[in-house]
Amino acid sequence: MSKKKVASGKFSDDVISSSIVNKYGDVVRSGKEVLDNINSLEVISVSPSLDIALGRGLREGSVVVMTGDPKSGKTTTSLHFAAKCQAKGKRVIYIDTEGRMSEQNFTGIPGLDPDNIIVIQSTDDRILSAEDFLNIVEYYINNDPGCLIITDSLSNMVPACELEGEVRTGVRNALPRLLSMFFKRISGTLMKNKVLLLCVTHNIANTGGSPYAPSKMADCGNMLQYQAGTNMVITHRGKWQVPKDSGPHVGQIANWLIKTSNAGGRPNSTAESWIRYGAGIDEVQEIVQIACEFRLIKTAGAWYTIQCAVDEPKHPVIEKILQDNNVGDKPEDIEKFFKFQGSNNVLEFLNSNKDVAYFVYDKIKELY
């Protein structure tokens, strides 16, 4: 057996640590080395609203858990994030345990490239058990550094002992024990290979009996909760109508509770995610909502003024759009150009001028 290589000069003044390195390999690190490793992990944006609550987005090299009721926006959010990862050159592996992917999942998310998604699912010839799915995920984690793996959902995985024979009661749920072993096995490799594992789970009734306990809880056992670097829960959802309260139903508002975030977000932060039917998360809508709260867009009755643009007419983005539209240099002319009646008009303007929308978003990011 070949001798383990030891970094030259490492821990030369520390006899004990040098002995451990000689015996077990390069397993001893200084705190600074570990910190530099953590800081090298990329944080990837999800959407403007969620980024504020998460602390800029989701960090690679970790487990992310998304929990919520059926049809509340978990799959849409995970695929929206997949498009962001694709834009950064990451491979996306989608573990489809539910077998319910639709055309809308692929075509309804802006920027998502179906040709560059690897989908793992059961076939007519092979029904995959929970063990099969988890072993496949582990293989990708070990051999495909930097990828994004979405498991949708963990809750729908069926252990082999439950697939065998007829449908019956009296079978002990083996999935939490399988997941416990799985997460223990991958915990070290996940960060080393900078893999981001996004796990979708379902809410189930909490039958613990305590009057102080929540009525719902996440499925799949406790080990998943312990391993989650980021834990996101859709607590409830609301209708998105345009005009508000009277118009057609154009989407839904997912209300998130960010229990934990290893990207730096504060525990138990909240966020509203605006999901438009057929278009996924509407980032411009989120920018407008946040900008109004921060007074970057000033409201007065039905009037909306993009105040941060009015205040910086010499910014390259703002200067260019003013010149392209032959707007004069007078402050009143600039303010008039960036003033709109009704939220729909300001949304239409920002959707038509994405550079201005991103300018407003940059101003938002300066505040958090």
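**Exercise 1. Find how many helices and strands the chain has.**

Start with the count: the chain holds 15 helices and 15 strands. Both are DSSP runs numbered from the N terminus, with helices being H or I of at least four residues and strands E of at least two. This is a predicted model, in which local features need pLDDT of at least 70, side-chain atom pairs count only at pLDDT 80 or more, and totals for chains, interfaces and linings use all residues. Residues are numbered from 1 along each chain as its sequence is written, and side-chain values use heavy atoms, leaving out hydrogens and water.

Next, take the extent. The C-alpha trace spans about 80 × 65 × 45 Å along its principal axes.

**Exercise 2. Decide whether Asp 144 is buried or exposed.**

First, locate Asp 144: look in the loop between α6 (130-143) and β6 (148-152). Then use the cut-offs: buried means under 20% relative accessible area, exposed over 50%, and partly exposed in between (1.4 Å probe, protein chains only). Asp 144 has 12% relative accessibility, so Asp 144 counts as buried. Finally, list its contacts, where contact means heavy atoms within 4.5 Å. Not counting residues up to four places away in sequence, Asp 144 touches Arg 91, Ile 93 and Val 195.

Across the chain, buried residues make up 45% of the 368 residues.

**Exercise 3. Describe the surroundings of Phe 106.**

Begin with helix α5 (residues 103-107), where Phe 106 is found. Its relative accessible area is 24%, so Phe 106 is partly exposed. Now leave aside its neighbours within four places in sequence: Phe 106 is in contact with Met 101, Leu 112, Pro 114, Ile 117 and Val 119.

**Exercise 4. Work out which residues make the nonpolar surface patch of about 420 Å².**

Take Ile 20 as a guide, in helix α1 (residues 15-24). Ile 20 counts as partly exposed because its relative accessibility is 35%. Nonpolar side chains (Val, Leu, Ile, Met, Phe, Trp, Tyr) are joined within 5 Å, and like charges within 9 Å. Accessible areas come from the Shrake-Rupley method with a 1.4 Å probe; for residues, only the protein chains shown count as cover. The patch is made by Ile 16, Ile 20, Tyr 24 and Val 27.

Notes:
Patch = residues over 30% accessible without salt bridge, like charges linked within 9 Å, V, L, I, M, F, W, Y side chains within 5 Å. Salt bridge = Lys/Arg side-chain N within 4 Å of Asp/Glu carboxyl O.
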